[in-house]
Amino acid sequence: MRAGDLEGAVSGGAEGAAALGKLTSVVLDALAEGAVTRGGPLPAGGPQAVARRLRAAVGPVLPEYGTGAEEALRTVTRAVAEGAADPADPWCVAHLHCPPLAVAAAADLAASALNPSMDSWDQAPAAAVLEQEVTAALGALVHPGGPAPDALVTSGGTEANLVALLLARERAGAATVRVVCGDTAHHSVRRAAWLLGLPEPVVLPCRDGRLDPAAVDRALTGLAAPALVVATAGTTDEGRIDPLPQLADVARRHGAELHVDAAYGGPLLFSDRLAPRLAGLSAATSVTFDLHKLGWQPVAAGLLTVPDSALLAPLALTADYLNADDDTEAGLPDLLGRSLRTTRRPDVLKIATTLRALGRTGLGALVEHCVRAAEELAARVDAHPRLRRRPGDTGISTVLFRPAAADALTGEAGDALVAEVRRVLLAEGRAVVGRAVAEDADGRRRLWLKATLLHPRTAGEDLEGLLDLVAATAAAVTPAVATTPGAATAAAAGRIRTGNEPEGPR
Ligand SMILES: *Cc1c(COP(=O)(O)O)cnc(C)c1O
């Protein structure tokens with residue numbers, strides 16, 4: 001291959017692999033270099049310093065003349081890796097933001113290289129079959145007794161919830177469906193109702209982070225309209241699972257339908273030990289199930305599962321250039337009705353590869369690992385003299401806690417300290433910890449730090465140092481918070497980590 005050939009080289013075909021091999025090795029080196037330069041879970045210095053470094057490294061993003069494929073890959077990849085919040089670091093635990101499995105990322109390269117588009121058979125002949133097999137299998141995992149279990153591949157839980165509400169709206173026909181959910185339901189549920197022109201959902205206050213069947217019963221008794229109860233299996237803030245069997249029962253008695261948002265909790269089904277926590281799930285008319293949370297897929301990998309393929313019929317659509325009636329009659333599979341999107345990435349390729357590589361029990365073991373790591377972390381918080389855990393059981397793999405120093409402050413200052421600790425850790429590039437508002441033992445809603453454990457290899461002991469760091473940071477910023485909230489964050493952003501100082505027990 002001559003110099004300069006790589007810029008215009010395509011990724012597919014027999015020749016494509018050679019070009020891709022050369023360029024991939026550049027990317028892999030740059031990824032490793034970026035991670036070493038970063039030296040922690042996220043870049044130090046806060047947003048302005050990160051922006052400055054990225055702009056300095058990348059320069060003009062639409063240059064008049066190109067720099068060549070290898071240089072561009074090296075520069076951009078290194079800059080983005082150096083400035084990444086990397087969920088592969090055990091102290092990057094803020095969100096349902098998983099470290100992708102290497103096998104899934106490698107499979108995603110094949111998806112990009114081949115670029116099947118899932119909107120018509122003539123763009124994805126084999127990928128379409130693979131999607132059919134995987135969606136049927138995962139549909140059957142969620143709805144084992146269903147007449148024809150199926151699933152749509154979505155961009156994530158947001159799109160899956162949107163499609164679930166859309167299908168409920170269509171089933172209601174001329175009547176207007178009313179969504180009933182808890183105040184811990186994901187924001188995408190309310191947004192979907194808004195987008196679909198449905199009335200504001202009935203949002204019920206949760207008890208201990210869970211939707212109360214008695215409250216749902218009362219709400220449904222007062223509703224004249226057809227209702228869709230939306231329960232959550234794994235709340236975003238705490239990983240709590242609504243009482244699905246009781247909710248299914250209440251919904252059935254009122255002739256309402258049940259949608260379960262199991263974006264977080266769905267993969268518990270891979271584990272024989274944990275699947276019973278989702279008892280009642282199969283009573284749902286539809287289920288949201290993400291594989292880019294517990295599932296370790298690169299974004300995007302979402303699903304909406306249904307017990308019966310026929311439930312997806314409202315999405316049917318004909319466009320002459322993609323699925324003309326005569327083409328369909330002649331036997332060309334019709335894919336257009338399997339998504340709201342038209343052009344669509346073959347996300348199923350990485351999913352299928354991962355399912356095959358690990359098997360159900362292999363994935364189940366990883367889910368069990370995360371659940372165990374969260375239980376260990378909760379025990380360590382409980383044993384820590386300077387931290388306090390939110391009372392109650394841990395969710396799936398989420399632990400809420402706060403520095404005891406915050407409890408010693410009066411009024412809003414306690415919550416301000418919790419928020420400041422999180423921002424200082426971010427600004428110093430030391431840890432990515434989340435935040436959540438949740439009820440305390442005295443019934444007051446307080447701000448907590450949140451650790452969402454999705455790393456398939458991290459153990460509780462890897463997080464002991466993080467707990468000490470949180471407690472020490474709280475002690476250091478308490479005087480500043482008492483006078484000027486935000487001051488400690490600004491000071492931390494000014495102290496760029498050199499990479500030479502001791503990192504603490506990592
Ligand atoms: C993450 C999440 C969503 C949204 O899913 P995306 O994949 O981010 O679109 C919906 N519901 C719950 C419970 C979630 O945790």
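Which helix contributes the largest share of the shell around the ligand? In this predicted model, that helix is α7, spanning residues 157–171, which supplies 3 residues of the shell.

**Figure 1. Residues surrounding the ligand in the predicted model.** The ligand is surrounded by 14 residues. The closest are T158, D261, D290, H292 and K293. Sorted by class, the shell comprises 9 polar, 3 charged and 2 nonpolar residues.

Figure 2. On its own the ligand has 380 Å² of accessible area, of which the protein covers 86%.

**Figure 3. The open sheet of 7 strands.** The strand order is β1-β7-β6-β5-β4-β2-β3, and the pairing is mixed. Strands β1 (150–154) and β3 (202–204) form the edges, each pairing on one side only. From one strand to the next, the twist averages 20 degrees. Within this sheet, β5 (residues 257–262) pairs with β6 (residues 286–290) in the parallel sense, over 4 bridges. A262 has F289 in β6 as its bridge partner.

**Figure 4. The aromatic pair of F270 and F289.** The structure holds 1 aromatic pair. The ring centres of F270 and F289 are 6.2 Å apart and the ring planes stand at 75 degrees; with an angle over 60 degrees counting as edge-to-face, the pair is therefore edge-to-face. F270 sits in the loop between β5 and β6, whereas F289 belongs to strand β6. The two residues are 19 residues apart, and their pair links distant parts of the chain. F289 is also the bridge partner of A262.

**Figure 5. The open sheet of 4 strands.** The order of this sheet is β8-β9-β11-β10, with antiparallel pairing. Its edge strands, β8 (387–389) and β10 (434–439), each pair on one side only. On average, neighbouring strands of the sheet are turned by 45 degrees against each other, direction ignored.

**Figure 6. Pairing of β10 with β11.** Strand β10 is joined to strand β11 (residues 445–452) by 6 bridges, and the two run antiparallel. In β11, L449 is the bridge partner of R435. Strand β10 is one of the edge strands of its sheet.

Definitions and conventions
Residues are numbered from 1 along each chain as its sequence is written. This is a predicted model: local features need pLDDT of at least 70, side-chain atom pairs count only at pLDDT 80 or more; totals for chains, interfaces and linings use all residues. Side-chain values use heavy atoms; hydrogens and water are left out. A residue is near a molecule or strand if one of its heavy atoms lies within 4 Å of it. Accessible areas come from the Shrake-Rupley method with a 1.4 Å probe; for residues, only the protein chains shown count as cover. Ala, Val, Leu, Ile, Met, Phe, Trp, Tyr, Cys and Pro count as nonpolar, Asp, Glu, Lys and Arg as charged, and the others, Gly among them, as polar. Two strands pair if DSSP finds at least two bridges between them. Axes are lines fitted to C-alpha atoms, for helices over the stretch in contact, and angles run from 0 to 180 degrees between N-to-C directions. Rings of Phe, Tyr and Trp (its six-membered ring) pair if their centres lie within 6.5 Å; planes under 30 degrees apart count as stacked, over 60 as edge-to-face and the rest as tilted.
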